Amino acid sequence: MATKRTEPVTIISLRKLSQETPEPQPKEPKTFTVEDAVETIGFGRFHIALFLIMGSTGVFWLAGSLLIIGLASVVIPTVGWRWLIRIASIPGIVLILAFKFIPESARFNVSTGNTQAALATLERIAKMNRSVMPEGRLVEPTLKKRGRFADLLDAKYLRTTLQIWVIWLGISFAYYGVILASAEMLERDLVCGSQSESEVVVTVGVSEESQSPCHCHMFAPSDYQTMIISTIGEIALNPLNILGINFLGRRLSLSITMGCTAVFFLLLNICTSSAGLIGFLFMLRALVAANFNTIYIYTAEVYPTTMRALGLGTSGSLCRIGAMVAPFISQVLMSASLLGALCLFSSVCVVCAISAFTLPIETKGRALQQVK
């Protein structure tokens, strides 16, 4: 059998092979994403300023409520309610001017193809933080499938979505309802079914304006104190709320606070002392604020990343519907029937409590889902 002849390998042939230089490979240009730039720039003065401006929308909200109530007790009896509106508009104007400092999101600009604007924003942040930008060219990462409204109604999330919508609507209805109802009850003294001193004085007059249902009754100093104390209740249960959602879970914690909200709505019908009314309103404001905190956390956790913004956005829309309906109950119906209005608020809270307890997914200890 013939064997294949092989050419012997010599030292000279090996030396020739080693001396051969490989062909130069073209270098790939360096690129980076928005996430890479954010990690490279790090935390600094820009983020502190952003925290102060954006955080003020939540903290001025509570402080602003207390400030307005305090100013109303001084300004309205002296110079009138029009000056209160003018003074109250000043913080809003300042906040609008402060928002001009915030640039457009770099991630949004990149997703829309406006890379130059995104690069300018990142360079501005790096300059404020006294940091540097990563080397290379800013590119848009590979886009994953974006969420659609139809995904919220998919078989996997249909029941969860519908129950979340009911809860958001009911919580908003109860939240704005108790705020407006507290003012209505203090103004008309509806708790015990008797007329307040201001109403008695008004009815003595013979003018048509004084008999009008739209005539405004002045708050007494004690009424302003009641409003201020009850408003503070919105931060009173925050520590307990945090413990509840972490130890009891989101569903059970929300169902308990919603059930307690229903009970305290009914307790408002009891003819009690001024201190008792303050206590009931204080607990109601604390409970409705806790409800909002819990459902917001749950909604953000239950949906995957591709659907999270859609889930929160649609829930917020239902929240506005509840806010629009609340004045008709807390001001119109309550003037005709206090018990009827309170029973309606309580019934809605009971429905929300049942809906929260029967939610199909518990997000306590559950990692955030990235994809559907």
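**Close-up views of a predicted model**

View 1. Cys 343 counts as partly exposed, since its relative accessibility is 31%; here buried means under 20% relative accessible area, exposed means over 50%, and partly exposed lies in between, with a 1.4 Å probe and protein chains only. The model is predicted, so local features need pLDDT of at least 70 and side-chain atom pairs count only at pLDDT 80 or more, whereas totals for chains, interfaces and linings use all residues. Residues are numbered from 1 along each chain as its sequence is written, and side-chain values use heavy atoms, with hydrogens and water left out. Cys 352 is buried, with a relative accessible area of 1%, and its sulfur lies 6.3 Å from the closest cysteine sulfur, that of Cys 349, which is too far for a bond. With a disulfide taken as a pair of cysteine sulfur atoms within 2.5 Å, the count is zero disulfides.

View 2. Helices (H or I, at least four residues) and strands (E, at least two) are DSSP runs numbered from the N terminus, and the expected span of a helix is 1.5 Å times one less than its number of residues. The 29 residues of helix H13 (residues 274-302) should span 42 Å, in agreement with the 42 Å between its end C-alpha atoms. Because 21 of those 29 residues are buried, H13 is largely enclosed by the rest of the structure. Helix H14 (residues 305-336), with 32 residues, reaches 47 Å from its first C-alpha to its last, close to the expected 46 Å. H14 bends by about 30 degrees at Val 325, with the proline Pro 327 following within four residues; the bend is the angle between axes fitted to the seven residues ending at a position and the seven starting there.

View 3. Rings of Phe, Tyr and Trp (its six-membered ring) pair if their centres lie within 6.5 Å, and planes under 30 degrees apart count as stacked, over 60 as edge-to-face and the rest as tilted. Nine aromatic pairs are found in the whole structure. One of them joins Trp 168 to Phe 292, edge-to-face, at 6.0 Å centre to centre and with 65 degrees between the planes. Since Trp 168 lies in helix H8 (residues 158-188) and Phe 292 in helix H13, this pair ties together parts that are 124 residues apart in sequence. The rings of Trp 168 and Tyr 296 have centres 6.4 Å apart and planes at 65 degrees, so that pair is edge-to-face. Trp 168 is buried at 6% relative accessible area, whereas Tyr 296 is partly exposed at 48%. Trp 168, Tyr 175, Tyr 176, Phe 292 and Tyr 296 form one aromatic cluster.

**View 4. The nonpolar cores.** A nonpolar core is a set of buried Ala, Val, Leu, Ile, Met, Phe, Trp, Tyr and Cys residues joined through side-chain atoms within 4.5 Å. The largest has 50 residues, and Phe 265 and Leu 268 have the most contacts inside it. H8, helix H12 (250-267), H13, H14 and helix H15 (338-357) each supply at least two residues of this core, with H8 giving the most, twelve residues. Another core, of eight residues, lies apart from it and includes Ala 37, Ala 106, Ala 118 and Leu 122.
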